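Work through these exercises with the model open beside you. Try each task before reading its solution.

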Amino acid sequence: MMELGNEENNAPLIDLINIFKIYQMGTTEVRANDGISLTIYDGEFVAIVGKSGSGKSTIMNIIGALDIPTEGKYILKGQDVSKMKSDQLATIRNKTIGFIFQQYNLLPRQNLLENVELPLLYGGYGAKERKQLAMEALARVGIEDKWKNYPNQLSGGQQQRGSIARALVGKPSLILADEPTGALDSKTSREVLEFLKQLNEEGNTIVLITHDPTVAAKANRVVKMHDGKIVFDGTAREYKEQEAAG
Amino acid sequence: MSILQAFKLAGKSIVGSKMRSFLTMLGMIIGVASVITLIGLMEGVTNYVISTFSDMGTNMISVTVTNTDTRKVDVDAVYEFTEENSDIFLGVTPKVSSRYTVKNGTESLTTSVTGVGEDYLELNSLELSAGRFIQYADIKNRYNGAVIGSYIVEELFDGNAALGDTFKINGQVYTIIGIQKEEADSEANSTDDVVYIPYSNATRLAGSNDIGSYSFAAIDSETVEAGEEVLDNYLYGIMKNEDLYTISSMTQLLETVNTMTGMLSAILGGIAGISLLVAGIGIMNIMLVSVVERTKEIGIRKSLGAKKRDIMWQFVIEAAAISTIGGVIGIIIGYIATRTLGSAFGIEAAPTLNSILLAFGVSAGIGIGFGYMPASKAASLNPIDALRTE
Ligand SMILES: Nc1ncnc2c1ncn2[C@@H]1O[C@H](COP(=O)(O)OP(=O)(O)O)[C@@H](O)[C@H]1O
Ligand SMILES: [Mg+2]
């Protein structure tokens, strides 16, 4: 495993220690995550790649505090998340994590501003502060003029920007994106990716899942999964070389 | 998330699907309106009945006695007894009532002829429009004088009865000595359909010297109970058998009326209450559907940090708001209906404050109660499963 830039002396942001997620399907068990250990530091841009069904979403849900592992330990910002109850997990998601979904997942009955305000609403911010922070986040993704629009009045790219604004608004330590460009055309995909890259350069830690090698190439670090296990962990260049070698 | 936020969300959701919200409310509207209307109308009827009875004198005590050969209640003794208890009784009058045919020339009709004492008029707060009432001397002398009501004037004398005119009661000639003031539009069987004669004459008409009925006037309605007690002691002392006399008063009657109308109110209210329950189940049903439809929304909210209680509040308050808005509309409709129906029936009916508060509380309570189950279902959804649904 390679050394990466800014980890010296720092405690890792994410420390996954021998994580198992096992689903019991009748008599057979599915090991969606089969002993995963992974350490991610502040400021990294990590792409998780692998075939469909290899366990990417499962580990992402655990990293995102949407789920807890069957076995193993998950330390996020020094806190053991792996044994937390649902309301504690909700607080972690609210304060520490920003999600970007493939399907954008904006609420259809709320306008863009209200959608972006949601994490702040559950974070207990007052109305004025919510509006101000949400408008700032929308300005950052360049669609502040669309704040009044409802999701169905926005293009796919604009909706994804909206969901990025929503992920950013609470100033989370970690941005998680599960196939963020999966539903976008190649031009919009590139724009969104550039934006994520820029966010990373500004110091945000980003973990994204992707099928797309060109997307993975944008990341600093690539983690490849297969059958619930990590089978490769290295720089984007190393990954490219290995793939080329077959 | 604050409660205010939850209310805003609920408002948005209700406005967002107006038709569904309205249909959900409809049950509550009908339930609350019917509870309010029925209770209001029953209250109006009760008040009407009570005021009608009150006009008949709430300080009066009626006594009936079944005189036997060996045990009799004597009129003079009753007067004496009343005199002795003047701290309780204003007075007493015998009442010997029977229906007889009365005739004036070719006109004839059957009416209630009541033999009374000289205090009858005053004790019953009646007034005369002409002449005088029966006096002690009339009773002593068994004078054939009669005081007639306005119905008799209309029907037997074509509206022109003068003092001194004569007519026949059961074949005996009587002279009009007084005319009672019109009380009840001169209708048949009303307090205007009466003939008063000296009680001494009435007993003779009835073919017996015994008097079986007395009206005692207590000082006021408060002393009625004490009056009934001394009367009971007195009559038991004479008759030695409780079955041979009865003592009754308007207070008892009023109580009976109150209990009966109260019972009726409870039954009607209960039936209307069932419709509230049905409305609550309707709300629960819609909320359950709504939770299923909004599973994705719940998943998104949870992924962004909504806690169980945030989701809980959102759905409970939405249910409570639908229910309460329905309740308020129901109260308004109930108010209008009570007024309209009340005046159509000719009674003074208004929804009681209690029934309004009750209806409001019940509708909010039903919303919370029946919203709780769907809300806790929503709150306990697993965020990943919820996010995965479409
Ligand atoms: N809730 C679940 N119940 C049963 N099996 C599941 C569940 N979630 C995921 N799996 C299984 O776990 C494996 C990994 O799934 P996932 O993490 O979604 O893969 P990927 O995101 O890489 O496509 C798959 O075989 C999938 O069928
Ligand atoms: Mg996946």
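A salt bridge is a side-chain nitrogen of Lys or Arg within 4 Å of a carboxyl oxygen of Asp or Glu. The model is predicted, so local features need pLDDT of at least 70 and side-chain atom pairs count only at pLDDT 80 or more, while totals for chains, interfaces and linings use all residues. Residues are numbered from 1 along each chain as its sequence is written, chains are lettered from A and ligands numbered from 1 in the order in which they are written, and side-chain values use heavy atoms, with hydrogens and water left out.

**Exercise 1. Find what B:Glu318 and B:Arg294 form, and say where each residue lies.**

Step 1. Look at the side chains. B:Glu318 and B:Arg294 meet in a salt bridge, 3.0 Å from N to O.

Step 2. Helices (H or I, at least four residues) and strands (E, at least two) are DSSP runs, numbered from the N terminus. B:Glu318 sits in helix H11 (residues 308-345) of chain B, and B:Arg294 in the loop between helix H9 (250-293) and helix H10 (295-303). The two are 24 residues apart, so the pair links distant parts of the chain.

Step 3. Check the cover. Buried means under 20% relative accessible area, exposed over 50%, and partly exposed in between (1.4 Å probe, protein chains only). Both B:Glu318 and B:Arg294 are buried.

Step 4. Move on to H10(B). Nine of its nine residues are buried. Among them are B:Ile298, B:Gly299 and B:Ile300. Just after H10(B), B:Gly305 takes a positive phi of about 115°.

**Exercise 2. Which parts of chain B does the pair B:Lys181 and B:Glu127 tie together?**

Step 1. Confirm the contact. B:Lys181 forms a salt bridge with B:Glu127, and the closest N and O atoms are 3.4 Å apart.

Step 2. Locate both ends. B:Lys181 is in the loop between strand S7 (172-180) and strand S8 (194-198), and B:Glu127 is in the loop between helix H4 (120-123) and strand S4 (128-131), so the pair ties together parts that are 54 residues apart in sequence.

Step 3. Compare with the cut-offs. B:Lys181 is partly exposed at 40% relative accessible area. B:Glu127 is partly exposed too, at 47%.

**Exercise 3. How many residues apart are B:Arg388 and B:Asp385?**

Step 1. Find the helix. Both residues lie in helix H13 (residues 383-388) of chain B. They are three residues apart, about one turn of the helix.

Step 2. Recall the general rule. An α-helix has 3.6 residues a turn, so residues three or four places apart point the same way.

Step 3. Read the distance. The side chains meet in a salt bridge of 3.7 Å, N to O.

Step 4. Read the cover. B:Arg388 is exposed, at 56%, while B:Asp385 is partly exposed, at 42%.

Step 5. The whole structure holds 22 salt bridges over all chains. In chain A, a network of them links A:Glu29, A:Arg31, A:Asp34 and A:Lys229.

**Exercise 4. In what order do the four strands of the open sheet in chain A stand?**

Step 1. Know the rule. Two strands pair if DSSP finds at least two bridges between them.

Step 2. Read the order. It is S2-S1-S4-S5, with antiparallel pairing.

Step 3. Find the edges. Strand S2 (28-40) and strand S5 (79-80) each have a single partner strand, so one side of each is left without a neighbour in the sheet.

Step 4. Inspect the pairs. S1(A) and S2(A) pair over 10 bridges. In this pair, A:Ile22 stands opposite A:Arg31. Five bridges join strand S1 (residues 14-25) to strand S4 (residues 71-76). Here A:Ile17 has A:Lys73 as its bridge partner.

Step 5. Look at the turn. S1(A) and S2(A) form a hairpin with two residues between them. A:Gly26 in that turn has a positive phi of about 65°.

**Exercise 5. Where are A:Ala65 and A:Glu179 placed?**

Step 1. Start with A:Ala65. The residue is in the loop between H1 and S4 of chain A. A:Ala65 is buried, at 0%.

Step 2. Turn to A:Glu179. This residue is in the loop between strand S7 (174-178) and helix H6 (186-201) of chain A. At 13%, A:Glu179 counts as buried.
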